[in-house]
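Below is a short briefing on one chain, grouped by topic. Please read it alongside the sequence and the coordinates.

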Amino acid sequence: MDIFLRTIGAVNDETRLRILRFVDSNTEVCVCDIETSFGMIQSRISRHLKILKEAGFLKVERKGRWAHYGIRKPLDSFRQSILAEISCLEMDIPLLGKACGIDKAMQ
């Protein structure tokens, strides 16, 4: 029951819904790109990402000094249905604003 309540609590916030949709639509994003795209400070973004990760939606991978987030695979049917519902919501999702330049450094 704990994970169910954690999942429901994670999606009971408009910013986290927008972040989930943003990550889902961009496949994998660096935390600095989320900060730039949403115009929010790092500590606030990190708090939202932590909640979404603990609720079982996100995976995190370290690349150098940057943390990259993506949708955890495989997702159970409950979380898949939540993501499907979020994709149908009308909401303003920012365009991906690249900030850290990790893509250039990795090439």
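A disulfide is a pair of cysteine sulfur atoms within 2.5 Å; the structure holds 0 of them. This is a predicted model, in which local features need pLDDT of at least 70 and side-chain atom pairs count only at pLDDT 80 or more, while totals for chains, interfaces and linings use all residues. Residues are numbered from 1 along each chain as its sequence is written, and side-chain values use heavy atoms, with hydrogens and water left out.

**Confidence**

- The chain has a mean pLDDT (the predictor's confidence in each residue, from 0 to 100) of 90, and 93% of its residues reach 70 or more.
- Over residues 102-107 pLDDT stays under 50, and the model has 4 contacts (heavy atoms within 4.5 Å) beyond four places in sequence for them.
- Where pLDDT is low, the predicted coordinates should not be read in detail.

**Cysteines**

- The closest cysteine sulfur to that of Cys30 is in Cys32, 3.0 Å away, which is too far for a bond.
- Cys30 counts as buried because its relative accessibility is 1%; buried means under 20% relative accessible area, exposed over 50% and partly exposed in between, with a 1.4 Å probe and protein chains only.
- Cys88, at 64% relative accessibility, counts as exposed.

**Helix 2**

- Helices (H or I, at least four residues) and strands (E, at least two) are DSSP runs, numbered from the N terminus.
- Asp13 caps the N-terminal end of helix 2, with a side-chain oxygen 3.0 Å from the backbone nitrogen of Thr15.
- Just after helix 2, Thr27 has a positive phi of about 65 degrees.
- Among the buried residues of helix 2 are Thr15, Arg16, Leu20 and Phe22.

**Nonpolar core**

- A nonpolar core is a set of buried Ala, Val, Leu, Ile, Met, Phe, Trp, Tyr and Cys residues joined through side-chain atoms within 4.5 Å.
- The largest such core has 26 residues, and Leu20, Ile34, Ile45, Leu49, Phe57 and Leu58 have the most contacts inside it.
- Helix 2, helix 3 (31-38), helix 4 (42-54), strand 3 (66-71) and helix 5 (77-88) each supply at least two residues of this core.
- Helix 2 gives the largest share, 5 residues.
- Beyond its neighbours within four places in sequence, Phe57 contacts residues including Leu20, Leu52, Ile71 and Ile82.

**His48**

- His48 lies in helix 4 and is buried, with a relative accessible area of 8%.
- Leaving aside neighbours within four places in sequence, His48 is in contact with Asp13, Thr15, Arg16, Ile19 and Met40.

Conventions: A polar contact is a pair of N or O atoms within 3.5 Å; within protein, one must be able to donate a hydrogen and the other to accept it, and residues adjacent in sequence count only if both atoms are side-chain atoms.
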